[in-house]
Amino acid sequence: MAENLSAENNLENLGEDLNAMMKIRREKFESLKEKGKNPFEITTYDCTETSEEIKSNFEKFEGKDVSIAGRIISRRDMGKASFIDVLDAKGKIQVYLKIDDIGEETYNDMSLWDIGDIVGIKGYVFKTRRGEISVHTKEIKLLSKSFLPLPEKFHGLKDTDTRYRQRYLDLISSPEIKNTFIKRSKIIKEIRNYLDSLGFIEVETPILNVIPGGAAAKPFITHHNTLDMDLYLRIAPELYLKRLIVGGMDKVYEMGRLFRNEGMSTRHNPEFTSIELYKAYADYNDMMDITENIVRKCSQVANGTDVIEYQGEKIDLSKPFERMTMLNAVKKYTGEDFLNYKDDINKTTEAAKKLGVDVKPSDTWGDILNRVFEEKVEENLVQPTFICDYPVEVSPLTKRKADAPYLVERFEFFVTRRELANAYSELNDPIDQRKRFEHQMKLRDAGDDEANLIDEDFITALEHGMPPTGGLGIGIDRLVMLLTDSASIRDVIIFPTMKPLS
């Protein structure tokens with residue numbers, strides 16, 4: 001109890017300190033306004049260089065005039081001269097100010113400026129006696145006033161909850177966090193460039209869906225007032241993209257947000273970014289090749305190498321990714337060959353229970369095989385691995401294997417013990433598709449709220465004829481996690497979903 005009271009007192013003291021600092025900063029702002037120097041009246045500032053450009057090309061800029069702008073993050077006064085460090089979008093740079101250069105009035109006004117204020121600076125580039133590249137100021141302007149202090153004297157935010165809620169402070173105080181999101185942007189751009197080079201067309205499909213489909217997930221529900229009908233935020237764009245394949249757009253992809261009303265964890269956020277792509281006259285083997293190329297190209301653009309480290313483990317993306325069937329993977333890591341029990345549900349159940357895997361009375365051979373894989377095999381898949389040929393029961397949108405119709409031509413791509421991609425040889429048989437949807441409806445009637453609904457319009461599209469097609473979905477957030485060595489999905493989503501504080 002004493003510890004809790006102490007924590008509460010600390011929070012109260014922190015709040016009092018912040019209020020006092022805010023009061024002082026506002027008083028400084030009012031003093032500036034009285035002098036006719038309201039920084040918020042300035043609408044623009046001409047920045048011609050960044051800190052990075054100046055520091056990486058000193059020979060080019062030495063003695064030359066530059067114009068920069070950024071946030072004051074430190075200040076050292078020496079009477080009639082001062083040094084400040086300014087943080088811009090590319091990093092920080094030291095700025096030297098002398099009363100004789102900027103004028104006594106401006107220099108004195110700086111007593112009303114604070115750490116966190118945003119300034120514009122014109123001057124020339126030089127090196128100090130200690131060899132630090134700096135800007136010798138000729139003119140400085142206050143462009144924006146900061147009423148609240150930077151976190152922890154600019155040593156970075158330690159509290160993860162605050163980091164995610166106030167991402168702007170996280171970006172100011174932690175350059176490596178900003179670098180994560182810069183890498184994310186490069187990764188997304190590289191994926192688009194690669195697919196565009198292959199002749200794929202980027203499209204946009206509805207986010208508001210009449211029927212949630214394309215994946216097994218619980219949807220978010222919203223209501224359209226004018227139509228007086230419930231709609232679902234999309235859980236996947238798959239069924240719309242395959243309609244486009246029917247329509248003759250042979251190579252399509254969409255990158256965007258998906259929404260699933262499910263649990264939250266280091267790997268799950270209710271809204272996340274995914275890319276789905278579909279290629280006519282292709283199968284899941286073609287999708288494996290595309291996946292390998294995407295992962296390697298993105299690793300190169302993010303890190304300059306195919307051999308990376310993730311949470312202390314070396315991951316080699318340079319070699320051909322291992323390809324293993326689910327049956328063989330289960331056999332390798334558990335010693336049980338579930339193919340031997342395919343026609344005997346009792347022996348299948350016994351084998352699963354012997355491995356410590358719970359079985360439901362309604363489970364089929366395929367359901368049990370998939371559950372054993374999830375609970376006993378996934379934890380072993382550290383290096384990049386394609387797990388292929390899933391049971392038909394857990395893959396309602398996938399083409400059956402001709403020589404083993406109880407399995408489908410599907411793979412999931414695993415690395416660092418988690419799934420990053422999911423792909424199919426797409427089911428294009430409308431008769432089989434209807435049967436699979438009907439099976440899903442039975443599961444829904446039995447209480448599975450993640451099971452698929454019947455999409456009659458999609459079946460109608462298939463009845464017009466869809467060519468053999470390969471489809472692939474990649475979780476962008478998890479890919480970025482891998483390539484930026486980020487432990488949590490919240491570290492790579494710039495504004496993750498958070499529960500309100502009150």
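**Helix packing and strand pairing in a predicted model**

Modeller: Helix α8 (residues 175-197) packs on helix α16 (residues 476-484) at about 120 degrees, with axes 10 Å apart. Helices (H or I, at least four residues) and strands (E, at least two) are DSSP runs numbered from the N terminus. This is a predicted model, where local features need pLDDT of at least 70, side-chain atom pairs count only at pLDDT 80 or more, and totals for chains, interfaces and linings use all residues. Residues are numbered from 1 along each chain as its sequence is written, and side-chain values use heavy atoms, with hydrogens and water left out.

Biologist: How are α8 and α16 oriented to each other?

Modeller: Axes are lines fitted to C-alpha atoms, for helices over the stretch in contact, and angles run from 0 to 180 degrees between N-to-C directions. Under 35 degrees counts as roughly parallel, over 145 as roughly antiparallel, 65 to 115 as roughly perpendicular and the rest as oblique. The angle here is about 120 degrees. The two helices, α8 and α16, are therefore oblique.

Biologist: Which residues in α16 meet α8?

Modeller: Contact means heavy atoms within 4.5 Å. From α8 come T180, K183, R184, I187, I188 and I191. Their partners in α16 are I476, D477, L479, V480, L483 and T484.

Biologist: Which residue in β4 stands opposite V66?

Modeller: Two strands pair if DSSP finds at least two bridges between them. Strands β1 (residues 65-77) and β4 (residues 118-127) are antiparallel over seven bridges. Opposite V66 stands G123.

Biologist: Which residue in the turn of the β1 and β2 hairpin has a positive phi?

Modeller: β1 pairs with β2 (residues 81-88) in the antiparallel sense over six bridges. Three residues lie between these strands in the hairpin. The residue with a positive phi, about 75 degrees, is G79.
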